[in-house]
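Please read it with the sequence and the coordinates at hand.

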Amino acid sequence: MIRVEHLEKSFNDNHVLNDISVTFETGKTNLIIGCSGSGKTVLLKSIVGLHEIDSGEIWFEDVLFNKLNFKEKKKIRQEMGMLFQGSALFDSLTVEQNVRFPLDMFTDKSVEEKTERVNFCLNRVNIANANNLFPSELSGGMKKRVAIARAISLRPKYLFCDEPNSGLDPPNAILIDALIKEITEEYLITTLVNTHDMNSVIAIGEKIVFINEGKICWEGNKHDILHSDNEELNDFIFANYLAKQLRTHEGK
Amino acid sequence: MIRFLTEFGRYFLLLKKVFSRPEKFSVYYKQTMHELVYLGFYSVGIISIISFFMGAVITLQTAYNTENPIYPSYLIGLGCRDSIILEFSSTISALILAGKVGSSIASEIGTMKVTEQIDALEMMGVNSASYLILPKIIATLLFNPVLTLISICVGILGGWVAGTSAGVITSENYIYGIQYAFIPYYITYSVIKTLVFAFIISSVSAYEGYYVEGGSLEVGRASTKAVVFSSVLILLFNVILTQLLLS
C-alpha cells in the first residue's frame, strides 16, 4: 500500500500539486487520470522520489519514504519497478542486458540464474528471440514490454507506469494494459498507472484518481466513472467525439 | 556572477556524487573497460593522424625559419622534439579530444537525461552520476597519457618523414637532434598536463550533459558548451601548469 498525505509540489512559482492525499491499494491497478499538464507525471515522480516534494508525506507501507536518506531510499527503490513514458531502455545495451541490468547491479546470482530470470521475464511479456536486439531495433510495443520485463526482474512490490500506452496502436495498448493487470494480480503488486487513455480506464481501472489543475477532483473505480456528476471529470471523459456521441445516444 | 558561482557549486556537488562508493565494482569495472575502448582506443587514429602532420609541419617550419649557416641543422630535430613534447602532444591533443571525446560524453549523457534513462537508473537505486561518469573519468585518466605518448612518437616520426622527404635535413642529423640535450622531465611535465586536461574534458563534459533539460536542441547546445568550456579551461590550466611545473 502507498499512502500520500497533503503532498505539495511546485516548480519556482508554478504550483503543480496542491494538497494531494490519496491511498493506493495493494494488488490493484490504481490509475491516475487527468488532462495533459494536470500534474499526473509530477505526482508519480514525486511518489517515487525523482522529484523532491515541498511538503507532505509519502508512505510505503509503514515507511515514511520522503524522509529517508539516499542510502535508505535505495533499499525501497529496489522494490520498485517503473515503466517510463518513452520506455527509457538503455540504448547501448541489448534487450537481454537491459533486463539483466538490475540483477547485475543488486544481486549476487550466478550467470545461469540471471539468464534464467531474464528469459522468464521476457517470456512473461511475450518477447521471444529478441535477446540480442538493441532498443533501436524494436517497435514501440516491444520496447514497452521489454521495459516491463526489466521492471519486474527484481520481483518488485511496487510498479509505476507513466503513460504506458502513449504512442501505441489500440491492439498493442490493450496488450500492455492486460499485461500490467495480470502482473499486478499475479505478484500482488501495488501498481500505479498514469494515463489519459479511456480504454485503459475502463479495462483496468480498479481504483481511479482524477487530477485536475494539481488537485484531486474525484476518486472511484471503473464502474462509477461513467455515472459521475463531477463536471470536470465528465468534461475529461467525454471530450472525444465518439464518447460524446455515445453519451448523446444514451441520453436519448 | 551568481550564476557562475551556482554552476561552480553544482559542478563540485556532482563530483562529490561521482566519487561516492560504487554499488558494485564488477559492473563499474566492465563499464570502465568499455569506456577505455570507446573513449581511449578509438581516439588513437585521429590523434596519430593529427600528430603525424603536426610533426611534419613543425619540422618544415623550423627548417625554413632557421636557414642560417651558423645554426646546425640537427637543431631542427631538437626543436621539433621539444615543441611536440612540451606543447603539441599534450595541449593540442587535449583540444582535439575535447572536441571528439567531450562532445561524445556530453551528448551521450544528455540524451540519456532527456530520454529518462538517468531517471530509470535513479529509480532502480543506482547512483547515476557515479555509474555514468566515474568510468569515463577513470578511462580518460588512464588512456589519455597513452595517447600523449603515442602522439609524441608519431609526431617525431612525422617530422622525420617530412624533413627527410623535403630534403631540409638528413636522417642522421634529425635522429641526432631528437636525442640531443634531452630532458626526461619534459615527458613527466607533458603527462601531468595530460592528466589534468583529461579530468577537465571528462568531468566538464559530463557535467554539461548531466544537467541538460529539454530536448534534442538542448543536448546539442550542451555538447557545444562542453567543447567550449573544456577548451577554455585547458588553455587556462596550460598556463597555470606551465608556470607551476617549469618555473
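In chain B, helix α1 (residues 2–18) packs against helix α6 (residues 128–166) at an angle of about 90 degrees, with the two axes 8 Å apart; here axes are lines fitted to C-alpha atoms, for helices over the stretch in contact, and angles run from 0 to 180 degrees between N-to-C directions. That angle makes α1(B) roughly perpendicular to α6(B), on a scale where angles under 35 degrees count as roughly parallel, over 145 as roughly antiparallel, 65 to 115 as roughly perpendicular and the rest as oblique. The model is predicted, so that local features need pLDDT of at least 70 and side-chain atom pairs count only at pLDDT 80 or more, while totals for chains, interfaces and linings use all residues. Residues are numbered from 1 along each chain as its sequence is written, and chains are lettered from A and ligands numbered from 1 in the order in which they are written.

**Helix packing in chain B**

- The contact between these two helices is made by L14(B), K17(B) and V18(B) on the α1(B) side and by A129(B), S130(B), I133(B) and L134(B) on the α6(B) side, where two residues are in contact if their C-beta atoms, placed from the backbone, lie within 7 Å.
- By class, the contact of α1(B) with α6(B) has five nonpolar residues, one polar and one charged; Ala, Val, Leu, Ile, Met, Phe, Trp, Tyr, Cys and Pro count as nonpolar, Asp, Glu, Lys and Arg as charged, and the others, Gly among them, as polar.
- Helix α4 (residues 74–114) of chain B packs on helix α8 (residues 185–210) of chain B at an angle of about 20 degrees, with axes 8 Å apart, which makes α4(B) roughly parallel to α8(B).
- The residues of the contact of α4(B) with α8(B) divide into 15 nonpolar, eleven polar and five charged.

**Overall make-up of chain B**

- Chain B has nine helices and zero strands, where helices (H or I, at least four residues) and strands (E, at least two) are DSSP runs, numbered from the N terminus.
- The C-alpha trace of chain B spans about 70 × 40 × 35 Å along its principal axes.

**The six-stranded sheet of chain A**

- Six strands of chain A form an open sheet in the order β6-β7-β8-β3-β9-β10, with mixed pairing; two strands pair if DSSP finds at least two bridges between them.
- The edge strands of this sheet are β6 and β10 (215–220) of chain A, each of which pairs on one side only, and the twist from one strand to the next averages 15 degrees.
- Helix α5 (residues 140–152) of chain A packs on the sheet and touches β6 and β7 of chain A, its direction making about 170 degrees with that of β6(A).
- Strands β7 (residues 158–162) and β8 (residues 190–195) of chain A run parallel and are joined by five bridges, with L159(A) standing opposite T191(A) in β8(A).
- Strands β3 (residues 29–33) and β9 (residues 207–212) of chain A pair in the parallel sense over four bridges, and the bridge partner of I33(A) in β9(A) is F210(A).
- F210(A) also stands opposite W218(A) in β10(A), where β9(A) and β10(A) run antiparallel and are joined by five bridges.
- The hairpin of β9(A) and β10(A) has two residues between the strands, and E213(A) in the turn has a positive phi of about 50 degrees.

**The four-stranded sheet of chain A**

- Four strands of chain A form an open sheet in the order β2-β1-β4-β5 with antiparallel pairing, and its edge strands are β2 and β5 (63–64) of chain A.
- Seven bridges join strand β1 (residues 2–11) of chain A to strand β2 (residues 14–24) of chain A, which run antiparallel; in β2(A), S10(A) has H15(A) as its bridge partner, and I2(A) has F24(A).
- Two residues lie between the strands in the hairpin of β1(A) and β2(A), where N12(A) takes a positive phi near 55 degrees.

**The contact between the chains**

- Chain A gives 14 residues to the contact and chain B gives 13 residues.
- On the side of chain A that touches chain B, α2 (70–77), β6 (80–83) and α3 (95–106) of chain A each supply at least two residues, and α3(A) gives the most, with three residues.
- By class, that side of chain A has nine nonpolar, two polar and three charged residues.

**Confidence in chain A**

- The mean pLDDT of chain A is 88, and 96% of its residues reach 70 or more, pLDDT being the predictor's confidence in each residue, from 0 to 100.
- Within chain A, confidence is lowest in helix α9 (residues 241–251), at a mean of 66, and highest in strand β4 (residues 55–60), at 94.
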